[in-house]
Amino acid sequence: MLALSLVAGCSASRPAAGRERPEQSVLTRQQIEDPRFSTAYDVVRALRGNWLNARGNASFRFKIEVQVYLDGVHLGGVQALQNISTPAIQYIRYINGTDATTRWGIGHGRGVIYIGTGSAPEPGAPPQ
């Protein structure tokens, strides 16, 4: 009986057959083009607000916040999202602090919000 309840509990967390669970680290063009949104900040705040205050490795000496990149160009902290209008955005991806630090170095311990205007995810992105 215990084994049956464990199996039932495990299977309840799986997506239904034929339905994929939505990717939680990527916002797609379809989600971004919602008329409620005019900036990247609007999109992230509404759909993945937890990305704005992501947890990760912090420094006691320096204030570290989530960093923002647009097509590989570092723009700064989350306030930079307010200057990026949605029409050109194809996807927005969150990269956790560990992966971001590995890729971009110190100062990325809270993670990265990577905005792409091309059709494919950025080169070298962590596997999904």
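T86 lies in the loop between strands β3 (73–77) and β4 (91–95) of a predicted model, with helices (H or I, at least four residues) and strands (E, at least two) taken as DSSP runs numbered from the N terminus. T86 counts as buried because its relative accessibility is 8%; buried means under 20% relative accessible area, exposed over 50% and partly exposed in between, computed with a 1.4 Å probe on protein chains only. With neighbours within four places in sequence left aside, T86 is in contact with R29, I32, F37, S38, T39, A40 and V43, contact meaning heavy atoms within 4.5 Å.

Residues are numbered from 1 along each chain as its sequence is written. In this predicted model, local features need pLDDT of at least 70 and side-chain atom pairs count only at pLDDT 80 or more, while totals for chains, interfaces and linings use all residues, and side-chain values use heavy atoms, with hydrogens and water left out.

The strands were examined next. An open sheet is formed by 5 strands in the order β1-β4-β5-β2-β3, with mixed pairing; two strands pair if DSSP finds at least two bridges between them. β1 and β3 are the edge strands, each pairing on one side only. On average, and with direction ignored, neighbouring strands of this sheet are turned by 20° against each other; axes are lines fitted to C-alpha atoms, for helices over the stretch in contact, and angles run from 0 to 180 degrees between N-to-C directions. Strands of a sheet pair through backbone hydrogen bonds, either parallel or antiparallel. β4 and β5 run antiparallel and are joined by 5 bridges, and the bridge partner of Y91 in β5 is G116. Strand β2 (residues 67–70) runs parallel to β5, with 4 bridges between them. In this pairing, L70 stands opposite I115 in β5.

Strand β5 is mostly covered, with 5 of its 5 residues buried. From β5, V112, Y114 and G116 point one way, whereas I113 and I115 point the other way. Y114, in strand β5 (residues 112–116), counts as buried because its relative accessibility is 5%. The side chain of Y114 reaches the backbone nitrogen of G72 at 2.9 Å. The C-alpha atoms of Y114 and L70 are 6.0 Å apart in space, although the two residues are 44 apart in sequence.

The nonpolar residues group into cores, a nonpolar core being a set of buried Ala, Val, Leu, Ile, Met, Phe, Trp, Tyr and Cys residues joined through side-chain atoms within 4.5 Å. The largest nonpolar core has 19 residues, of which V44, L81, I92, I113 and I115 touch the most other members. Two or more residues of this core come from each of α3 (40–47), β4 and β5. The most are given by α3, with 3 residues. A second, separate core of 7 residues includes V26, Y91, I95 and Y114. L81, apart from its neighbours within four places in sequence, is in contact with T39, A40, Y41, V44, L52, V68, I113 and I115. Within α3, the residues A40, D42, V43 and V44 are buried. The cover over the buried residues of α3 includes β1 (26–28), α2 (29–32), β4 and β5.

Helix α4 (residues 97–104) lies across β2, β4 and β5 and runs at about 95° to β4. Y69 and W104 form a stacked pair, at 4.6 Å centre to centre with 20° between the planes. This pair links distant parts of the chain, Y69 in strand β2 and W104 in helix α4, 35 residues apart. Y69 counts as buried because its relative accessibility is 6%, whereas W104 is partly exposed, with a relative accessible area of 22%. W104 also forms a stacked pair with Y114, at 6.4 Å centre to centre and 25° between the planes. Here W104 in helix α4 and Y114 in strand β5 are 10 residues apart. Ring pairs link Y69, Y91, W104 and Y114 into a cluster.

Methods
A polar contact is a pair of N or O atoms within 3.5 Å; within protein, one must be able to donate a hydrogen and the other to accept it, and residues adjacent in sequence count only if both atoms are side-chain atoms. Rings of Phe, Tyr and Trp (its six-membered ring) pair if their centres lie within 6.5 Å; planes under 30 degrees apart count as stacked, over 60 as edge-to-face and the rest as tilted.
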